[in-house]
Amino acid sequence: MIRLFNTLGRHIQDFEPMDPNRVKLYTCGPTVYDFAQIGNLRAFVFNDTLRRTLESAGYRVRHVMNITDVGHLSSDADSGEDKLEKGAKREGKTVWDVADFYIRAFEKDTTALNILPPNGYHGKAEPYARATDFINEQQDIIGLLLDKGFAYITEQAIYFETAKMSDYGKLTGQKSSDKEVAARPEVVVDNNKKSPQDFALWFFTVGRFASHSMHWTSPWGEGFPGWHLECSAIIHSTLKEPIDIHTGGVDHIGTHHTNEIAQTEAAFGTKLANFWVHNEHLLVQDEKMSKSKGNFFTLEDVIKRGFEPLALRLLFLQSHYRKQTNFRWESLSAASSFLKNLQAWADLKFQDTLHKNGSDVNYGVVLEKIKECLFDDLNTPETLAVLSQFIQKTEKNRVAKDNFQTFLEHLDELFGLDLSKRADVGSEIKSLINQRQIARQNENWSASDALRNSLLHKGVEINDTEQGQIWRRV
Ligand code: AMP
Ligand code: ZN
């Protein structure tokens with residue numbers, strides 16, 4: 001049984017999908033106006049771990065993720081500029097080109113981090129659901145909300161009237177009256193908006209948005225959708241509400257997800273999602289890493305400093321997804337050493353002389369222990385502790401190659417660290433390793449030392465152990 005912390009209700013709950021074999025999972029994807037910062041990537045590694053955990057429990061997961069390519073203003077509320085328009089101005093390109101470019105960049109980052117692509121919907125050129133491909137579906141929801149009296153029209157926009165939903169804001173656990181006080185006055189830019197909490201479903205291309213380059217006709221006037229609407233529309237047309245799990249970063253709880261719930265539940269009279277699972281932020285010196293603060297790094301920065309992308313993945317796995325975590329280069333460096341140790345351990349599969357035929361290590365038991373930790377609200381730090389202890393204990397009595405390889409494949413399914421995909425050293429290195437083994441057997445110490453040095457120059461370190469020599473890449 002998987003247990004997850006459900007933001008709706010704020011407690012850890014047994015997870016049971018509506019269909020006993022299948023899980024409907026939706027993730028709010030990136031706004032593609034710039035490169036992802038590694039805080040965003042933490043969110044997607046968390047999602048990926050959730051998906052892998054669900055799959056390892058035997059569920060078939062249908063995972064849909066959107067791409068925001070229109071309507072996300074520089075504030076989560078209805079103020080500021082559209083981020084895509086801003087990106088286009090900055091780069092002198094069209095908004096469509098900007099979106100295409102950063103979708104490809106996002107794919108490159110997520111591929112490097114072994115994040116599985118969503119599998120529940122295929123757009124024109126990628127496995128994501130672009131907001132701009134669901135304009136009609138978004139307008140259908142607006143029509144329903146207007147018909148049912150949940151929305152109203154001003155000169156500038158069509159708004160959702162939050163006062164009409166008695167449980168508006170239930171995801172935050174805050175009373176609606178508290179939220180009203182908390183809403184900042186500067187976000188009210190339309191004097192005909194009835195309440196600062198009301199949010200735009202559709203902006204008309206008038207006033208500050210008169211020259212908005214992305215716009216569509218609608219029964220109510222030319223314009224473009226508000227940001228929150230796309231997720232409700234995409235879920236309705238792909239997975240269909242209610243879904244089992246909806247994910248995103250904690251910054252989405254108060255506005256974006258709260259508004260997704262309001263729109264869907266008002267329009268369709270159905271619950272949007274049974275579980276809401278949110279990842280905490282990656283911080284820099286105790287502040288949220290974000291583009292707008294300028295305190296961010298990208299995967300490119302990580303690679304430029306000589307780290308493998310998977311070291312970043314491992315760093316994220318080392319902290320619990322619901323814990324705020326400060327990003328420090330020293331921590332990444334430690335994660336990178338840990339990854340190198342795991343890789344050296346995986347490389348033992350090439351070192352035949354050390355393998356016994358019989359099995360005195362029970363991989364099944366440790367795999368179950370690891371899964372138990374994952375099923376316990378994705379306790380990834382604990383899984384890594386279990387794995388490290390296991391490696392220390394068993395290094396001296398490894399088992400037959402096939403069992404070991406199968407075990408590495410299982411670990412890769414859970415952690416995505418490519419341990420089962422390692423390649424053997426080349427024939428030249430292999431021959432030097434064998435020569436050193438023979439030199440040692442013949443007690444030819446000077447030849448043995450010379451061979452060890454020459455291997456070290458080629459990036460391979462030899463250690464002599466009770467079982468004989470072991471090599472590892474350095
Ligand atoms: P955005 O492209 O801004 O819509 O963000 C994409 C995802 O990254 C969302 O789920 C955000 O909640 C998440 N996110 C943004 N900044 C951070 C951060 N510093 N740490 C963790 N997740 C973040
Ligand atoms: Zn969303």
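## Report on a predicted structure

Leucine 4 stands opposite glutamine 13 in strand β2. The model described here is predicted.

**The hairpin.** Strand β1 (residues 3-6) and strand β2 (residues 11-14) run antiparallel and are joined by four bridges. Four residues lie between the two strands of this hairpin, in which glycine 9 takes a positive phi near 105 degrees.

**The zinc site.** The zinc ion (ligand 2) has four donor atoms, and its site is irregular, with angles of 83 to 128 degrees among them. Its protein donors lie 2.1 to 2.2 Å from the ion and are listed below.

| Donor residue | Donor atom | Distance range for the donors |
|---|---|---|
| Cys28 | SG | 2.1 to 2.2 Å |
| Cys231 | SG | 2.1 to 2.2 Å |
| His256 | NE2 | 2.1 to 2.2 Å |
| Glu260 | OE | 2.1 to 2.2 Å |

The spacing of these donor residues in sequence is C-x202-C-x24-H-x3-E. Because cysteine 28 lies in the loop between β3 (22-27) and α1 (38-56), while histidine 256 belongs to helix α7 (residues 253-268), the pair ties together parts that are 228 residues apart in sequence. Both cysteine 28 and histidine 256 are buried.

**The nonpolar cores.** The largest nonpolar core comprises 113 residues, and Ile245 and Trp345 have the most contacts inside it. Helix α10 (residues 329-346) gives the most to this core, contributing eight residues. A second, separate core has 17 residues, including Leu8, Tyr26, Ile243 and Trp276.

Which residues is tryptophan 345 in contact with, leaving aside its neighbours within four places in sequence? They are Leu387, Phe390, Ile391, Phe404, Phe407, Leu408, Leu411 and Leu419.

How values were computed
Residues are numbered from 1 along each chain as its sequence is written. Chains are lettered from A and ligands numbered from 1 in the order in which they are written. This is a predicted model: local features need pLDDT of at least 70, side-chain atom pairs count only at pLDDT 80 or more; totals for chains, interfaces and linings use all residues. Side-chain values use heavy atoms; hydrogens and water are left out. A nonpolar core is a set of buried Ala, Val, Leu, Ile, Met, Phe, Trp, Tyr and Cys residues joined through side-chain atoms within 4.5 Å. Buried means under 20% relative accessible area, exposed over 50%, partly exposed in between (1.4 Å probe, protein chains only). Contact means heavy atoms within 4.5 Å. Two strands pair if DSSP finds at least two bridges between them. Donors are N, O and S atoms within 2.8 Å of the metal (3.2 Å for Na, K and Ca); water is not among the atoms, so sites may look incomplete. Four donors count as tetrahedral if all angles lie between 85 and 135 degrees; four count as square planar and six as octahedral if opposite donors are over 155 degrees apart and all others between 65 and 115; anything else is irregular.
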